[in-house]
Amino acid sequence: MRSRTSWEGPPPDPAWFKCWFCRKTSKQVRTRYGAEFPVRDPNTFAIITLIFICSECVAKFAEWDAMKARGKPSSS
Ligand SMILES: [Zn+2]
């Protein structure tokens, strides 16, 4: 028996991909970063799926991370 992936058909067009967080399409953001995200599947237990994060969200998370590193949120 051969196991096969669930994806059938032609490979997806990169233009379809949206940001995993804000759902902006590739046309709405300048840069997308590829990432791998483990998804739990009831049959295969875990599969790695390819996701994209836009530059805006990456900047946002970097800001949050820097804020956390300082210990408390800055009240400007
Ligand atoms: Zn985003």
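Which element of the chain has the lowest mean pLDDT, and which the highest? In this predicted model, the lowest value among the elements belongs to strand 1, with a mean pLDDT of 80, and the highest to helix 1, with 92. For the chain, the mean pLDDT is 78, and 74% of the residues reach 70 or more. Where pLDDT is low, the predicted coordinates should not be read in detail.

The chain contains 1 helix and 2 strands, and these follow the pattern β-β-α along the sequence. Of the 76 residues, 7% count as buried. Among the contacts with a separation of 6 or more, 39% are accounted for by residues 24 or more positions apart.

Helix 1 covers residues 55-69. Helix 1 is hardly covered, as the count of buried residues among its 15 residues is 0. Just after helix 1 comes Gly-71, which takes a positive phi of about 100 degrees.

A positive phi is also found at Arg-23, at about 65 degrees, although Arg-23 is not a glycine. Most residues other than glycine have a negative phi. Arg-23 is in the segment before strand 1, which runs over residues 32-41. Arg-23 counts as exposed because it has 9 C-beta neighbours inside 10 Å, and a residue with 12 or fewer is classed as exposed.

Two residues of strand 2 were examined in turn. Strand 2 spans residues 45-54 and includes Ala-46. With 8 C-beta neighbours inside 10 Å, Ala-46 counts as exposed. Apart from residues up to four places away in sequence, Ala-46 touches Pro-38, Arg-40 and Asp-41.

Ile-51 is also in strand 2. There are 17 other C-beta atoms within 10 Å of Ile-51, and therefore Ile-51 is partly exposed; a buried residue would need 20 or more. When neighbours within four places in sequence are left aside, Ile-51 is in contact with Trp-20, Ala-35 and Phe-37.

Technical notes
Residues numbered from 1 in each chain as written. Predicted model: local features only at pLDDT ≥ 70, side-chain atom pairs only at ≥ 80, totals over all residues. Helix = DSSP H or I, 4+ residues; strand = E, 2+ residues; numbered from the N terminus. Expected span 1.5 Å × (residues − 1). Contact = placed C-beta atoms within 7 Å. pLDDT = per-residue confidence, 0-100.
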